[in-house]
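Colleague: I am new to reading protein models, and I would like some practice. Could we go through one together, feature by feature?

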Amino acid sequence: MIRSSCLGLALLALSACGERVDGMTVTLGLEHRATAQGVQAAGGERSFTRADGQVLTLTRGYVTLGSVELKPCEEALGWRLLKALSPIGTAHAHSVGSPLRLGTPHVSGLERPDGSVLKLGTVRPPPGRYCRARLTFEPADADAEGLPGADSGVDMVGHTLWLEGTRVPSGGGEPQPFQLVTSNLATVDVVLDGLTLSEDEPAAERTFALAWDTWLATVDLESPGAAASALDTVARSVAMSSVAP
């Protein structure tokens with residue numbers, strides 16, 4: 001009898017939550033920004049001085065954000081027990097159509113001014129608390145949003161990161177060109193600032209910021225793995241922004 005009662009309660013609880021899924025939305029965006037003083041942004045170019053004295057200028061830069069997935073907060077023990085007693089499946093899909101995952105690839109370029117938000121799209125998750133977002137940077141496909149034009153000289157199809165620029169050694173001298181291109185993958189989890197969806201608060205907006213002045217702050221541009229290291233740094237540069245998408 002106890003198990004039957006618990007099962008009934010579990011079914012009622014899950015059914016009630018299911019009825020409130022409709023109308024829940026989280027709109028996501030992406031922007032570029034600098035985190036340090038003394039950096040310069042003009043047009044599509046970005047310049048900054050590294051701690052070792054090198055002056056770097058990014059003349060062109062593109063990165064592909066493949067997906068964003070919301071991660072629910074850890075559930076309370078009581079709720080986990082209710083779900084364990086229920087025969088209803090609770091598996092979460094990990095596809096483009098998942099209510100927790102935005103799977104449309106977007107290519108974000110530095111020609112967009114700092115603070116200008118690229119709207120990534122909207123996910124429609126169930127009600128609840130979401131503590132993290134998982135961002136995956138991966139090669140763009142032919143259907144990715146924001147691909148550079150054919151006349152740009154940049155082919156992002158099959159590529160995750162494309163950086164071009166110059167560096168001036170710490171001792172001065174002529175600018176030395178560099179190009180970093182990679183098809184690697186990089187994933188980062190970003191802490192969300194109190195994202196809760198409910199009947200009273202069914203909609204939310206969140207924007208992620210890429211700190212471009214940190215991308216090459218410690219990368220050895222002459223090393224064979226420079227492009228892969230730069231992509232890892234791009235992923236680690238993600239933080240939450242206060243700007244609305």
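Predicted model: local features only at pLDDT ≥ 70, side-chain atom pairs only at ≥ 80, totals over all residues.

Colleague: What is the idea behind a salt bridge, and how many does a search of the whole structure find?

Modeller: The general idea is that side chains of opposite charge can pair when their charged atoms come close. Here, a search of the whole structure finds eight salt bridges. One of them is between R60 and E164, whose closest N and O atoms are 3.2 Å apart. R60 belongs to strand β4 (residues 55-72) and E164 to strand β9 (residues 161-168), so the pair links distant parts of the chain, 104 residues apart.

Colleague: Are R60 and E164 buried or exposed, or something in between?

Modeller: The two partners fall into separate classes. Buried means under 20% relative accessible area. E164 has 14%, so E164 is buried. R60 has 26%, so R60 counts as partly exposed.

Colleague: Let me try another pair. Which residue meets E69 in a salt bridge?

Modeller: That is K71, with 3.7 Å from N to O. E69 has a relative accessible area of 9%, so E69 is buried. K71 is buried as well, because its relative accessible area is 14%.

Colleague: Where do the partners D189 and R134 lie?

Modeller: First the pair itself: the side chains of D189 and R134 meet in a salt bridge at 2.7 Å, N to O. D189 lies in strand β11 (residues 186-197) and R134 in strand β8 (residues 128-137), so the bridge ties together parts that are 55 residues apart in sequence. There is a further partner to notice: salt bridges that share partners join R132, R134 and D189 into one network. As for accessibility, D189 is partly exposed at 32%, and R134 is partly exposed at 29%.

Colleague: Let's step back to the whole chain. How many helices and strands does the chain have?

Modeller: The chain has three helices and 13 strands. Of its 245 residues, buried ones make up 40%. The chain exposes about 12,400 Å², and carbon and sulfur atoms supply 53% of that area. Contacts give another view: among those between residues at least 6 apart in sequence, 79% join residues at least 24 apart.

Colleague: Now a single residue, please. Where does S237 lie, and what does S237 touch?

Modeller: S237 lies in the loop between α3 (226-236) and β13 (238-241). S237 is buried, because its relative accessible area is 9%. Not counting residues up to four places away in sequence, S237 touches A209, L210, A211, T214 and W215. A polar atom of the S237 side chain also lies 2.7 Å from the backbone oxygen of V234. For a sense of spacing, S237 and F208 are 29 residues apart in sequence, with 9.9 Å between their C-alpha atoms.

Colleague: How is a pair of aromatic rings described?

Modeller: A pair of aromatic rings is described by the distance of the centres and the angle of the planes. In this structure the count comes to one aromatic pair. A ring can also have a charge over it: the charged end of R46 sits over the ring of W212, 5.7 Å from the ring centre.

Colleague: Let's finish in strand β12. What does the side chain of R206 join in a polar contact?

Modeller: R206 is found in strand β12 (residues 203-211), and a polar contact of 2.9 Å joins its side chain to that of D193. R206 is buried, with a relative accessible area of 16%. Leaving aside neighbours within four places in sequence, R206 is in contact with several residues, including T27, L28, G29 and M240.

Definitions and conventions. Residues numbered from 1 in each chain as written. Heavy atoms only, no water. Salt bridge = Lys/Arg side-chain N within 4 Å of Asp/Glu carboxyl O. Helix = DSSP H or I, 4+ residues; strand = E, 2+ residues; numbered from the N terminus. Buried < 20%, exposed > 50% of the residue type's maximum accessible area, 1.4 Å probe, protein only. Contact = heavy atoms within 4.5 Å. Areas by Shrake-Rupley, 256 points an atom, 1.4 Å probe, with all protein chains shown as cover. Polar contact = N/O pair within 3.5 Å; in protein donor to acceptor, adjacent residues only side chain to side chain. Phe/Tyr/Trp six-rings, centres within 6.5 Å; stacked < 30°, edge-to-face > 60°. Lys NZ or Arg CZ within 6 Å of the ring centre and 35° of its normal.
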